[in-house]
Amino acid sequence: MSDGSFDIIEVVIIGGGAAGLSAGRITAAAGLTTAVIERDSCAGGILNQCIHNGFGLRYFREELTGPEYAEKAAERATEAGCRIFTDTTVLELSVSEPGNGKYKLKKILCCSPEYGVMEFFAKSVILAMGSRERSRGNLAISGHRPAGVFTAGAVQRLMNINGYVPGKEAVIIGSGDVGLIMARRLSWAGVKVKGVVEIMPYPAGLPRNIAQCLEDFDIPLHLSCRTMRINGRHRVESVDIAPLENGRPVLNRAFSLSCDTVLMSVGLIPENELSKKAGVALNPVTGGPVVDSRLMTGIDGIFACGNVLHIHDLADYVSAEAETAGKHVIEYLGGKVKRGEIKTLPGAAVRYVIPGGADPASDNTFYMRSAGVMERARINIHQDGRLIYSRPLKYVKPAEMLKIELPQAVLKESHGSGVLEFSLLAG
Amino acid sequence: MINEQRICIGCPAGCRLRISGEKNNLEISGNRCAKGAEYACNEINDPRRTVTAAALPDQPDRPCCPVKSDRPVPVAIIGRLLAGIYSTPVKLPVKRGEYLIRNFAGTDINVIFTRTVN
């Protein structure tokens, strides 16, 4: 490959984070030539800057930090025969004509300091590019544009990879997990965290992170509060915060927190620039590709998994989904043809369901998110207006992804071919 | 008489623990596994946390070397341990699992590297 020859690779995986490495291990272990393309100087993606523990309990069955998870995943992928190209940026993904037998080849144009511009041709591609952070531009916060406003992930990288401390006093906007983890990291580095501001009435992050990252350090969590303004001309000086009532800021109860640093932890966006350019159709709700029961996008032979598909709560879930994608790629390249796909659709109180299809000939796993908070809820699946599956759920909230395992027998017994509608019912 | 609530940090489930009774005879509910009960007891008698940090390497152009305590650390000495980590020089290369600090202040707590940095 390095000499510019046009070997055809069976699986090219774009992105060498939790998703790419886990998928690559599976396809390589099945004997498929597999290349993972990673733009950073080492594999692992964002796990490398997540130096805290709490990873791997499900996937590796031991508690790990992010870098350990990354290194182990990379080792296992490499041992399986997967080749990882680091420092290599994919510039363009396209479907190249003519095809090679039954597979239309995918062309992956990339560049690296070592090899210059190069092209890979692949029978199949797995999109595993992950996500990026929402930033100040995605929120409407007025004020000047002083130094000291960061995304939480940017501070995480500055502190954990580059060794910088960003300021002395910080306010965190948004209560996503990265922001909470950074509240503890900043505190342990001697930075005073003055508060976390969350617009919703409940925190976005995991309960355990509220406990170990905020309560341990007596950091106030301001729920149902909106950041109105970031003050300071050259450097951040303070932020103005107003509590919300019926969705409106109550200005006479507004208050200020002085700080020199603002972190924003306000959600992640699947990174799909390459997919879009390749013509992959996206779901406007998830921001990720529309996929069928095989996690295949609208383009034959292009699959997607991990945060590029939809945002996950845990790296372990990403790895599990990526392994599933890997298995579907193996079946696809083995010549298995899809039969009788049943479409899926989000119904009442459900924001989205992934994948967009179910395979009636096998067990199916669905990932979904609720539209709101519900206690003692029930997940129902209807087909052609008939209830075919129902299960109680203790507690449902948008921040926690729901996983539904639908046994094959359910679809077999229903005999239907109509759309599966997923809905959540309170009480 | 103890009557407290905690969120278990043992795994992402985040069980809401209710702790009551006396220090040496605690009643715990809300946990979905044995780890939760153990965590609740420790929270009352000897709260501990796993400590993670990034140590600066001797070569400024290389990435930081992330480290963790190989067991949970009593909350009262976390500050001292962090100061110890921040002031211990790191000589590259380091391998994942190697020690930055052994037997910190006679506590049996070790600090190990969590990433290989060449």
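Strand β25 of chain A, which covers residues 364-370, is joined to β28(A) by five bridges, and the two strands run antiparallel; strands here are DSSP runs (E, at least two residues) numbered from the N terminus, and two of them pair if DSSP finds at least two bridges between them. Within β28(A), A:L406 is the bridge partner of A:N364. The model is a predicted one, in which local features need pLDDT of at least 70 and side-chain atom pairs count only at pLDDT 80 or more, while totals for chains, interfaces and linings use all residues. Residues are numbered from 1 along each chain as its sequence is written, chains are lettered from A in the order in which they are written, and side-chain values use heavy atoms, with hydrogens and water left out.

The two strands belong to an open sheet of three strands in chain A, with the order β23-β25-β28 and antiparallel pairing. Because β23 (350-354) and β28 (402-406) of chain A each have a single partner strand, they stand at the edges, and one side of each is left without a neighbour in the sheet.

Turning to the contact between the chains, 27 residues of chain B are in contact with 28 residues of chain A, contact meaning heavy atoms within 4.5 Å. Between chain B and chain A there are four salt bridges, each a side-chain nitrogen of Lys or Arg within 4 Å of a carboxyl oxygen of Asp or Glu. B:K68 forms a salt bridge with A:E68, and their closest N and O atoms are 3.0 Å apart. On the side of chain B that touches chain A, β5 (52-55), β6 (65-69) and α2 (78-87) of chain B each supply at least two residues.

Methods:
Helix = DSSP H or I, 4+ residues; strand = E, 2+ residues; numbered from the N terminus.
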